[in-house]
Amino acid sequence: MKRVLITGQNSYVGNSFAEWVKDDENFDITKISLRDDSWEGMDFSQFDVVLHVAGIAHVSTDTKQEELYYRVNRDLTIGVAEKAKQDGISQFVFMSSIIVYGDKIEGGVITRGTVPNPANFYGKSKLEAEKGILPLQNDPFNIAIVRPPMIYGKNSKGNYPKLAKLAKISPVFPDIENKRSMLHIDNLSEFIKLLINNDDRGLFFPQNEEYVKTSEMVRLIGEVHGKRIRLTKAGNLPLNYLVNKVNIINKVFGDLFYSKNLSNYKSKYQLKSLKESIISTESS
């Protein structure tokens, strides 16, 4: 049995994973909050794995928040990893992000050789956390760093709910060719499950089997709700021009994707196709 300590009681990823394995006899899940210092006096030796998902997950441009991001995303991560190693934990799984590569990548594709270049203090705090925990790794202490792309699913936050809301009310949507890596929460939960079962270490880049074209995703969301959205190429010229100049347009219509071979794993974790994941996410 894998006794897993999830740090982050209200984490979307943590709670989803706990729900995913709730009927699996191979997993025993405990969740704790890190909002105060009480975890420092806790005995971690009763667990096999720490799944560290606690942190600030949204991007902010408010410079007043910068210190908080580093304190929570970097310093807290390093502190929990140090305690996990000291108490004899065998695996520390850290949920990082594709955001460590920044917003704009030449050609949009991220390969094994792409150098992280975060564009904001959210990305920088995640990258510095990675650099802070990696030196702790040794033979009895495995560190697995997961850099997922945009995560979506039922009750998720971020850009997906905004697109879904738009799909429900808009009769038309720009038909722009783009590719983005995304990851449905069930596919991520299965990946974490396999990662823990295999006691893996290293850098991991899970994604859906299919790349996402934004207009196609919006069309599928509308279809699930019985709404036909007309995709149009009218206005594509100015939008394509603005993709690399306006951040919000780049996030919607720009290219940002992992090369497929970067996301290969020894066991199948991509259980839901794009269409199946949209149906699952949008169903009542």
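Modeller: The model is predicted, so local features need pLDDT of at least 70 and side-chain atom pairs count only at pLDDT 80 or more, while totals for chains, interfaces and linings use all residues. Residues are numbered from 1 along each chain as its sequence is written, and side-chain values use heavy atoms, with hydrogens and water left out.

Biologist: What makes Glu67 and Arg71 a salt bridge?

Modeller: A salt bridge requires a side-chain nitrogen of Lys or Arg within 4 Å of a carboxyl oxygen of Asp or Glu; the side chains of Glu67 and Arg71 meet at 3.9 Å, N to O, and therefore the pair counts as a salt bridge. The two residues are four apart in helix H2 (residues 66-86), which means that about one helical turn separates them. Helices here are DSSP runs of H or I with at least four residues, strands are runs of E with at least two, and both are numbered from the N terminus.

Biologist: Why is Glu67 called exposed, and why is Arg71 called partly exposed?

Modeller: Relative accessible area, taken with a 1.4 Å probe on protein chains only, is called buried under 20%, exposed over 50% and partly exposed in between. Glu67 has 59% and is therefore exposed, whereas Arg71 has 44% and is therefore partly exposed.

Biologist: Which parts of the chain does the salt bridge between Glu177 and Lys213 tie together?

Modeller: The closest N and O atoms of Glu177 and Lys213 are 2.8 Å apart. Glu177 lies in the loop between strand S8 (172-174) and strand S9 (182-184), and Lys213 in the loop between strand S10 (202-204) and helix H6 (214-224), so the pair joins parts that are 36 residues apart in sequence. Glu177 is exposed at 58%, while Lys213, at 21%, is partly exposed. Both residues also belong to a salt-bridge network with Asp175 and Lys233.

Biologist: How do you know that Thr232 is buried, and what does its side chain reach?

Modeller: Thr232, which is in strand S11 (residues 230-232), has a relative accessible area of 18% and is therefore buried. Its side chain reaches the backbone nitrogen of Ala234 at 3.0 Å. Setting aside residues up to four places away in sequence, Thr232 touches Val172, Phe173, Pro174 and Asp175, where contact means heavy atoms within 4.5 Å.

Biologist: Why is H4 called roughly perpendicular to H9?

Modeller: Helix H4 (residues 159-169) and H9 pack at an angle of about 85°, with their axes 13 Å apart. Angles of 65 to 115 degrees count as roughly perpendicular, under 35 as roughly parallel, over 145 as roughly antiparallel and the rest as oblique, so H4 is roughly perpendicular to H9. The axes are lines fitted to C-alpha atoms, for helices over the stretch in contact, and angles run from 0 to 180 degrees between N-to-C directions. Tyr160, Ala164 and Lys168 of H4 and Ile278, Thr281 and Glu282 of H9 make the contact.

Biologist: What makes a set of residues a nonpolar core, and how many residues does the largest one have?

Modeller: The members are buried Ala, Val, Leu, Ile, Met, Phe, Trp, Tyr and Cys residues joined through side-chain atoms within 4.5 Å. The largest such core has 26 residues, and Val13, Phe17 and Leu195 are among those with the most contacts inside it. Its largest share, seven residues, comes from H5.

Definitions and conventions
A polar contact is a pair of N or O atoms within 3.5 Å; within protein, one must be able to donate a hydrogen and the other to accept it, and residues adjacent in sequence count only if both atoms are side-chain atoms.
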